[in-house]
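Please open the model in your viewer and keep the selection panel at hand.

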Amino acid sequence: MKSLFRYEQKDSLLHRLDPRVKLLWLFGISVLSVVFGTPDLLAILFISTLPFWFILKPSKSRIKAMLIIFGSVLLSFTISQAFFYYWAKEPLFTLIPSSFPLIGPLTGGIYFYADGAIYGLYQSFRVMACLSAAMLVIATTHPGMLIDAFVRFFEIRIAGKNYRIGIPYEIAFMVSSAVSFAPTMLEESSVILNAMQARGLELKDIRRKAKALKYILVPLVVNILRAGRKLAIAADTRGFRANRHRTYVNELKLKRSDYIFLIYTILLTSGGLYLSYMGFGGTVPV
């Protein structure tokens with residue numbers, strides 16, 4: 001799972017794209033996942049992100065983690081909506097009847113609805129489309145370039161001076177650090193578990209695994225605090241916030257491929273918004 005949050009260094013078309021363009025594409029996918037309401041459009045939106053994965057050719061570990069994430073989202077949405085679908089008609093079968101002691105009178109019975117399961121299956125495409133786009137941006141954008149994109153999203157020139165428009169550098173650094181700490185936490189958890197198993201801890205069943213969580217929490221928090229302290233010291237020694245006007249080694253400039261991808265993003269987003277305006281938006285029952 002830790003591979004999902006790591007930058008994968010390659011020389012692909014997506015890696016060479018400007019990070020600001022990729023962020024705009026991610027924003028467009030997120031907007032369309034909210035405004036779309038029909039099953040077909042939600043499925044097409046998710047499928048539209050898959051060709052970029054074929055271009056990237058991710059590692060086997062990343063593909064395995066993606067399948068686990070997508071499968072978990074699809075299964076959880078399908079099952080939850082199958083039991084709690086608001087527009088449900090006739091249940092497919094009864095899990096707990098209304099006459100069952102205590103639980104039955106409180107819930108009115110728990111039933112499995114086929115139309116609810118189908119509805120949950122379609123709605124899972126909303127989350128999977130956003131996840132797929134976000135993981136693509138993380139996998140193809142170096143953390144340093146991602147910070148630059150947040151800080152220097154675009155520039156305007158007024159009275160002979162250039163003004164950079166973006167979020168404060170401190171916030172961009174915080175967001176990038178939070179993303180990079182996710183694989184660190186997973187690695188630390190794995191190291192702690194291996195150390196406990198080497199000392200005789202058995203993790204054969206779910207009960208013992210749940211019990212082992214309390215032993216993981218304290219050393220995990222301590223190690224994360226140590227890593228955060230090292231990061232703060234490294235930032236201070238390199239002059240973090242020492243000068244209000246920062247200079248950059250790499251300048252962000254749009255190339256031909258960036259403009260092509262930007263036009264694709266604009267057409268995709270505007271076309272989706274138009275379809276939503278024409279009556280294909282909102283969340284509708286199936």
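Of the 286 residues of the protein chain, 34% count as buried, where buried means under 20% relative accessible area, exposed means over 50% and partly exposed lies in between, computed with a 1.4 Å probe on protein chains only. This is a predicted model, in which local features need pLDDT of at least 70 and side-chain atom pairs count only at pLDDT 80 or more, whereas totals for chains, interfaces and linings use all residues. Residues are numbered from 1 along each chain as its sequence is written, and side-chain values use heavy atoms, with hydrogens and water left out.

Among contacts (heavy atoms within 4.5 Å) between residues at least 6 apart in sequence, 78% join residues at least 24 apart.

Now select W25 and L136, the residues with the most contacts inside the largest nonpolar core, which has 32 residues; such a core is a set of buried Ala, Val, Leu, Ile, Met, Phe, Trp, Tyr and Cys residues joined through side-chain atoms within 4.5 Å. At least two residues of this core come from each of α2 (19–35), α3 (39–47), α4 (50–56), α5 (60–84), α7, α8 (143–151) and α11 (256–280), and α7 gives the most, with eight residues. Around W25, not counting residues up to four places away in sequence, the residues touched are T49, F52, A133, L136, V137, F261, Y264, T265 and L268. A second, separate core of six residues can be selected through F181, I192, M196 and I224, which are among its members.

Show α2 and α7 together: their axes come within 9 Å and cross at roughly 175 degrees, where axes are lines fitted to C-alpha atoms, for helices over the stretch in contact, and angles run from 0 to 180 degrees between N-to-C directions. That makes α2 roughly antiparallel to α7, since angles over 145 degrees count as roughly antiparallel, under 35 as roughly parallel, 65 to 115 as roughly perpendicular and the rest as oblique. On the α2 side the contact includes W25, L26 and I29, and on the α7 side it includes A133, L136 and V137.

To see the contact, select P39, L42, A43, L45 and F46 of α3 with Y122, Q123, F125, R126, M128, A129 and S132 of α7.

What does G116 contact when its neighbours within four places in sequence are left aside? G116, which lies in helix α7 (residues 114–140), is in contact with T78, Q81, A82 and Y85. At 0% relative accessibility, G116 counts as buried.

Finish at K57, in the loop between α4 and α5. Although K57 is not a glycine, it has a positive phi of about 55 degrees, and at 61% relative accessibility K57 counts as exposed.

Definitions and conventions: Helices (H or I, at least four residues) and strands (E, at least two) are DSSP runs, numbered from the N terminus.
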